[in-house]
Amino acid sequence: MDVKKVSIGSGSLMWGDIIEPGLEMIEKADIDYICYDWLAEVTMSVLYIQKTKNKDAGYPPRFIEWMKKVLPLAKQKGVKIVTNAGGANVEGACSALKEALNANNISGVKIGSILGDDITSDINNFRKEGIKFTNIDTGEEDIDRIKDSIVGAYVYLGAEGIVECLEGGADIVIGGRLADNALYVGPWIHEFGWDHNNSQHIDKIGAAITCGHIIECSCCCTGGMMCSQWDKVPEPWNVGYPIAELYENGDAVITKTPDTGGIVNSWTVKEHLLYEVHDPKNYIMPDGIADFTTLKLEDAGHDVVKVSNMSGKKRPDKLKVGIGYTDGWKQELQHWFCWPDALKKAKHCEYILKEWLKRQKINVEKIEIDYMGFNMAHLSLVKIPDIDGAKDLPEVGIRICAKFKTKEEAEYFREHAMIWSAPQAGYVFNTTTAPAKPVPIIKLWPTLVPRDAIHIKTDIKEV
Amino acid sequence: MGKKIKLVDICYARAGDKGDISNIGLIAKTTEYYDIIKSKVTPEKVKDFFGDIVKGKVEVYPLDNLESLEIVMYGALDGGATGSLRIDGTGKPLATALLRMEIEA
């Protein structure tokens, strides 16, 4: 007897991803679902700030443009969509999508929405009830220090809302801060009828979490980002996006859209398994805790990897929360100098900058100065050569990034850049890009909240 | 005393970020090399190697099934992707930076 399998593809890994590979997958591959992850830690903070300025904003408008193309094709092919592109404003994203579909005469689409991840306005009540938001990275006990600069607080939600929407017949499920991983685990739990509290299903949910983890960064497991075989990827301009076929028995196959470039083998899968993991025996997600140390990878044909013996543990009692808070402004500047004495000129630039700063009232809280081409990436591990030994370097860049309490200080700093950049003959005046403007720094306070304090609400509307 | 080996010759590496934590997946090119890195790439050695770049503790987790190590470094991203002043606040280059490390095999 055939074991039931459900195939899910990854359509995007972030806001900046591209639309074509997902469309090609829906067209050519035999998939049941396609998931679109649009969020990163940075993205959420940006979206919360947008929403503060305009209550209708707070989701990526580009996603709506995508769905005008994706939804009709997906509907035709019987492929369902799950996404967290609701960002900081799920309702706003859903109504924008409805409007766009209406305007384009696309009908018969059921849009499922999930609310409940945004706890920005609940934080004070939670604290009154005695919940502490201890920083899980630093151990700082509660948010007293940052409470007046919070821009948004969101919970990483698991599969429940997705399952509810799919049970209700949704063609597309839109949530806000659904954990990337839950986008995948949700449909599998729905299709296989797995239960978080059934001990028979714990390893299987662990398998779903593992498969979701492997493919959730789109091209990153199909040759679109590789450290081992980056120079051996076929057609790197046309990398196919990944598909995980999970079987009801908890085994899986990882592959990609047929007739595309890119590569799937045990190396590409292994690389991505290790990505953004802490303790690999305890990969903690809202739907369970996967153990990556038991699984077996096996090359099983062209662009086919079998994954077996995946396992997991019961889901945690607490959910992860990200609290974004403002912490001043940063200003970046880049200056380039050319032969002769390029390095000496860059050093002279640094010298003038530091002397100038000593004579100013603006307060630099922190400053990073890097020599481009030397230590911008590997920082203090790379020694800058002696000036005498580097006389003939053709060109050297200096990158300065400084942090200030206020935007005004950052702007003042930027406006005075000619003082330290221009004196050296050989300064390369950049006529193609203006210097970057000050950027608000949004820091992330990672913390936890009891699962039973969080209440989600789902809704389905047909267009 | 064994001979000195640079990690770049025996491993691949890829880094990710969560908050101010950088994690590096260190993948041995062969089984023999995995045995070497498993015993030689210790939290103390990694912490010492990165110096002022990594402010907090370092943890190293072995994955025998993938012949790889997961290296977790706290306080490694100058405050994390959103707050860092570095060009890459996510610390992706820290993976290849680690490949500069030498061990005695």
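These are my notebook entries on a few places I looked up in this predicted model.

I kept in mind that local features need pLDDT of at least 70 and side-chain atom pairs pLDDT 80 or more, while totals for chains, interfaces and linings use all residues. Residues are numbered from 1 along each chain as its sequence is written, with chains lettered from A and ligands numbered from 1 in the order in which they are written.

I looked up the peptide bond between W339(A) and P340(A) and found it to be cis, with omega about 0°. P340(A) sits in the loop between β14 (318–338) and α10 (342–358) of chain A, where helices (H or I, at least four residues) and strands (E, at least two) are DSSP runs numbered from the N terminus. D341(A) is found in the loop between β14 and α10 of chain A, and its phi is near 60°, a positive value in a residue other than glycine. I noted that most residues other than glycine have a negative phi, and most peptide bonds are trans.

**Chain B.** T42(B) lies in the loop between α2 (31–40) and α3 (43–50) of chain B, and I recorded 6.6 Å between the C-alpha atoms of T42(B) and V60(B), which are 18 residues apart along the chain.
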